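Student: I'd like to go through this model piece by piece. Can you take my questions as they come?

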Amino acid sequence: MNDAVLSPPPHGVAGGPKVLLEVFGCQMNKLDAELVVGALKRSGYDFTDRDEEADAVLLVTCSIRDQAEHRVHSHLGEISVAKRARPDLAVGVLGCMASREGESLLKRWPALDFVVGTRDFPSVATVLDEVRADGTRIVAVDGSPQVSEEREIDVRPAKSRAYVTVMRGCDKRCTYCVVPNTRGLEVSRPMEDIYNEVHRLVDDGVVEVTLLGQTVNAWGRGAGNSLGDLLERLEELDGLRRVRFITSHPEEMDDRLIDSMANCHKAGLFLHLPPQSGSDAMLRRMARGYTADRYREIARELKARIPGVQMGADVIIGFPGETDADFESTVELVEEVRFSQAFLFRYSPRPGTPAWGRLADDVPDDVKRARLARLQKIQAAIQEERHQTLIGTRHEVLVEGQSRRNPRMLFGRNLAFDRIVFEGEPSWTDRFVDVEITDSTALTLSGKRVEVVPAACP
Ligand code: SF4
């Protein structure tokens, strides 16, 4: 139902009121949930993953797609039933849906006690205290544009890996996107704040950080910095082994960043750079700010200057006005760039986006589905071919855990962000293992352990 119930943090306040935190959506939301956990822990709250124990249920929500919101609404329906039996249960919606819908969410769901927007997380404990004290219903969606990232270093899903928000909001106005409405305008955190946070994470056992921002490669713009400067600063940090960053915008790519990626050994060999379409007409209508040829040029530069670099894509299929010829341009781009992974979506109109009410959703659903199926097939063939070429090669894999389907198998990722499965001991989780690829499909790379690197992670 939900994407994740955040595990109870290691040092919850035993005996404090218990919170069940459920997280929907992207990595940014998972990190937001960690900030919420930190704020609640400081105020004496404890955590649980069991419905029946919870004094409060908080949903960290996502607005990016219709389906994501639909899942939250249907979950609120279930919680409403539970609340009839337990009227003292406090229920809150946090994050993008709270920012976008505000008070109207409270009107629609009488069981809901409060909403807290994406820039109001620091106030979440105060809001929850008030709701529990006197049953007030609260809307907190006008937070400061300053980025507050106070976090508990030890509250994170993995010992060896952590997400770090380096900026919030977005100054673009892509016509299909609600983010500028829900997360506000772009604000970058200062370099030293980020460095210090990563330093504390590394002291606590983290070897890989993922820097998060809606347009992460625009980081530092106001202060005259570039993401390349940040990569170079983090390169100096002893104990840190890998730095990833998502999501980059093609319009913000420059030589400085490509140089830094080429020079910094810790920078991941993977760039998530969504083209969204290969048709200039569609890119104009989406207000993306680049052409398909500019995108090709960036891809060529990256591949020429950073040996082994891989690229990831998001593509929207059936955007308003997309003709067969437009779609063929997207197919050509995908075939030419050869992404190592791609998220392919059918367009659906979203209230609150610039396209809403202005661009008719005029590509019939069966056409969208047929185009999606064709592109999925092409992308699968590209991945399968690439994976075949990796058989026999060796990779340093940071182990993330045991496979759900087969607990004897571990999975992890190499520097190019490929997911690799192999047989091994659960105790290798959070360590680096050298793996030789022995088999592959379009989706999976399988291998065998060559060596477990000792003491890779304290
Ligand atoms: S760059 Fe465009 S798609 Fe990405 S968050 Fe900003 S407005 Fe949305």
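Student: Which residue stands opposite Gly95 in S5?

Tutor: Thr61 stands opposite Gly95 of S5. The model is a predicted one, where local features need pLDDT of at least 70, side-chain atom pairs count only at pLDDT 80 or more, and totals for chains, interfaces and linings use all residues. Residues are numbered from 1 along each chain as its sequence is written, and side-chain values use heavy atoms, with hydrogens and water left out.

Student: How many bridges join S4 to S5?

Tutor: Six bridges join strand S4 (residues 56-61) to S5, and the two run parallel. Strands here are DSSP runs of E with at least two residues, helices are runs of H or I with at least four residues, and both are numbered from the N terminus. Two strands pair if DSSP finds at least two bridges between them.

Student: What do S4, H2 and S5 make?

Tutor: A right-handed β-α-β unit, with helix H2 covering residues 66-85. Right-handed means that, with the strands pointing away from the viewer, the path from the first strand over the helix to the second runs clockwise.

Student: And S5 with S6?

Tutor: S5 pairs with strand S6 (residues 114-116) in the parallel sense, over three bridges. Val93 stands opposite Val115 in S6.

Student: How many residues of S5 are buried?

Tutor: Six of its six residues are buried, so to call strand S5 (residues 90-95) mostly covered is in order. Buried means under 20% relative accessible area, exposed over 50%, and partly exposed in between, with a 1.4 Å probe and protein chains only.

Student: Take Leu94. Where is it found?

Tutor: Leu94 is found in strand S5. Leu94 counts as buried because its relative accessibility is 0%.

Student: What is Leu94 in contact with?

Tutor: Leaving aside neighbours within four places in sequence, Leu94 is in contact with Val36, Leu58, Leu59, Val60, Thr61, Phe114, Val116, Phe121 and Val124. Contact means heavy atoms within 4.5 Å. For Thr61, which is 33 residues from Leu94 along the chain, the C-alpha atoms of the two are separated by 6.0 Å.

Student: Is Arg350 buried or exposed?

Tutor: Arg350 counts as buried, because its relative accessibility is 2%. Arg350 lies in the loop between strand S15 (341-346) and H13.

Student: What does Arg350 touch?

Tutor: Beyond neighbours within four places in sequence, Arg350 is in contact with Ser63, Ile64, Arg65, Asp66, Glu69, Arg100, Tyr176, Val178 and Trp356.

Student: Since S15 came up, what is the order of its sheet?

Tutor: The order is S13-S14-S15, in an open sheet of three strands with parallel pairing. Strand S13 (270-272) and S15 stand at the edges with a single partner strand each, so one side of each has no neighbour in the sheet. Neighbouring strands of this sheet are turned by 15° against each other on average, direction ignored.

Student: How does S14 join S15?

Tutor: Strand S14 (residues 310-317) runs parallel to S15, joined by six bridges. Gly312 stands opposite Gln341 in S15. H13 packs on this sheet, touching S14 and S15, and its direction makes about 175° with that of S15. Axes are lines fitted to C-alpha atoms, for helices over the stretch in contact, and angles run from 0 to 180 degrees between N-to-C directions.

Student: At what angle do H12 and H13 cross?

Tutor: At roughly 15°, where the axes of helix H12 (residues 324-337) and helix H13 (residues 365-389) come within 10 Å. That makes H12 roughly parallel to H13. Angles under 35 degrees count as roughly parallel, over 145 as roughly antiparallel, 65 to 115 as roughly perpendicular and the rest as oblique.

Student: Left-handed or right-handed crossing?

Tutor: H12 passes H13 in a right-handed crossing. A crossing is right-handed if the near helix is turned clockwise from the far one by less than a right angle, and left-handed if anticlockwise. Residues that meet there include Phe327 and Val331 in H12, and Leu375 and Ile378 in H13.
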